[in-house]
Amino acid sequence: MLWPMLAIVLGFLGVAVLAVLAVRVFVEVRRLSGQVAEASRRIAEASGELERVTVDLARAGRGAH
């Protein structure tokens, strides 16, 4: 009777450890997705600024000739 009870307890502990690890992975994925969203926003912002500067530079170059 000891071995089946020990197997059940170890199985439960294994599932509990997996649940804790799953929660940790979920939290880290959410944090990473927030960082990716912020980086994407900053890249889009920089791309828009680069486009504006390029247009202004092209206009200035046309006027110099």
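Four salt bridges turn up in the structure, a salt bridge being a side-chain nitrogen of Lys or Arg within 4 Å of a carboxyl oxygen of Asp or Glu. The model is a predicted one, in which local features need pLDDT of at least 70, side-chain atom pairs count only at pLDDT 80 or more, and totals for chains, interfaces and linings use all residues. Residues are numbered from 1 along each chain as its sequence is written, and side-chain values use heavy atoms, with hydrogens and water left out.

As for the overall fold, the chain has one helix and zero strands; both are DSSP runs numbered from the N terminus, with helices being H or I of at least four residues and strands E of at least two. The radius of gyration is 28 Å, well over the 11 Å that the globule rule gives for 65 residues, so the chain is more spread out than a compact globule. Here the radius is taken over C-alpha atoms, and the rule is 2.2 Å times the number of residues to the power 0.38. Along the principal axes, the C-alpha atoms fill a box of roughly 95 × 10 × 5 Å. Of the 65 residues, 0% count as buried; buried means under 20% relative accessible area, exposed over 50%, and partly exposed in between, with a 1.4 Å probe and protein chains only.

Back to the salt bridges. R31 pairs up with E28, their closest N and O atoms being 2.7 Å apart. Both sit in helix α1, three residues apart, or about one turn of the helix. R31 is partly exposed at 46% relative accessible area, and E28 is partly exposed too, at 40%.

Further along, R41 and E45 meet through their side chains in a salt bridge of 2.9 Å, N to O. These two are four residues apart in helix α1, so about one helical turn separates them. R41 is partly exposed, with a relative accessible area of 41%. The pair also belongs to a network of salt bridges that links E38, R41 and E45.

D56 and R59 make another salt bridge, at 3.9 Å from N to O. Being three residues apart in helix α1, D56 and R59 are again about one helical turn from each other. D56 counts as partly exposed at 47% relative accessibility, whereas R59, at 55%, counts as exposed.

On the nonpolar side, L2, W3, L6, V9, L10, F12 and L13 form a surface patch with about 800 Å² of accessible area together. Patches are made of residues with over 30% relative accessible area and no salt bridge, like charges being joined within 9 Å and nonpolar side chains (Val, Leu, Ile, Met, Phe, Trp, Tyr) within 5 Å. F12 counts as exposed, at 60% relative accessibility.

Technical notes. Accessible areas come from the Shrake-Rupley method with a 1.4 Å probe; for residues, only the protein chains shown count as cover.
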